[in-house]
Amino acid sequence: MFHYRKTFKTYNSFPKATTCAFCEDDLAGRSIEITEHAYLMPNRVFYDLWEQREVIDHLLIVPKQHVASLSQLDSDAKLQIMEIMAEYESRGYNVYARAVGSKQRTVASHQHTHLIKTKPQQANAVLAMQKPYILVKF
Ligand SMILES: [Zn+2]
């Protein structure tokens with residue numbers, strides 16, 4: 001995962017949720033698909049790079065139920081979310097979710113799965129430094 005400096009500032013400018021960023025947000029209003037158990041929506045700020053490729057689409061699957069892990073969902077909800085993952089994986093999206101307890105997980109208490117589509121060609125070389133992210137592409 002990588003944000004350019006500009007998109008990192010945008011990402012960081014959103015107000016911090018007091019409880020859960022997903023439960024406090026109007027996910028239905030942002031969704032491109034709503035199922036019985038989940039929302040499918042564009043991420044507010046796309047990653048700029050994923051596996052050294054430029055990101056061209058970045059979606060999130062967010063369970064309607066506030067759970068930290070997919071394991072806490074019932075079988076119907078798990079199946080429905082898996083069906084969304086399978087559909088988008090077949091369309092060329094990478095499927096990614098951070099582990100419970102991961103320090104990289106920004107909405108820590110509410111499970112969510114990233115669907116990330118990238119350009120096929122890899123950047124020739126990428127030099128990246130940690131915050132504030134500086135990227136030099138060759
Ligand atoms: Zn929540």
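Select Leu59 to begin: leaving out residues up to four places away in sequence, Leu59 touches Leu40, Met41, Pro42, Asn43, Tyr88 and Leu115. Two residues count as in contact if their C-beta atoms, placed from the backbone, lie within 7 Å. You are looking at a predicted model, in which local features need pLDDT of at least 70 and side-chain atom pairs count only at pLDDT 80 or more, while totals for chains, interfaces and linings use all residues. Residues are numbered from 1 along each chain as its sequence is written.

Next, colour residues 38-42, which are strand 2. Helices (H or I, at least four residues) and strands (E, at least two) are DSSP runs, numbered from the N terminus. Is strand 2 mostly covered or open? Mostly covered: four of its five residues are buried, where buried means 20 or more other C-beta atoms within 10 Å of a residue's own, these atoms being placed from the backbone.

Strands pair if DSSP finds at least two bridges between them.

- Strand 1 (residues 33-34) runs antiparallel to strand 2, joined by two bridges; Glu33 has Leu40 as its bridge partner. Three residues lie between the two strands of this hairpin.
- Strand 4 (residues 53-63) pairs with strand 2 in the antiparallel sense over five bridges. Find Tyr39 opposite Val62 there.

Finally, show Ala38, Leu40, Leu59, Ile61, Val62 and Ile84, the residues with the most contacts inside the largest nonpolar core, which has 18 residues. Such a core is a set of buried Ala, Val, Leu, Ile, Met, Phe, Trp, Tyr and Cys residues joined through C-beta atoms within 7 Å. Strand 4 gives the most to this core, with five residues.

Conventions. A residue is buried if 20 or more other C-beta atoms lie within 10 Å of its own, exposed if 12 or fewer, and partly exposed in between; C-beta atoms are placed from the backbone.
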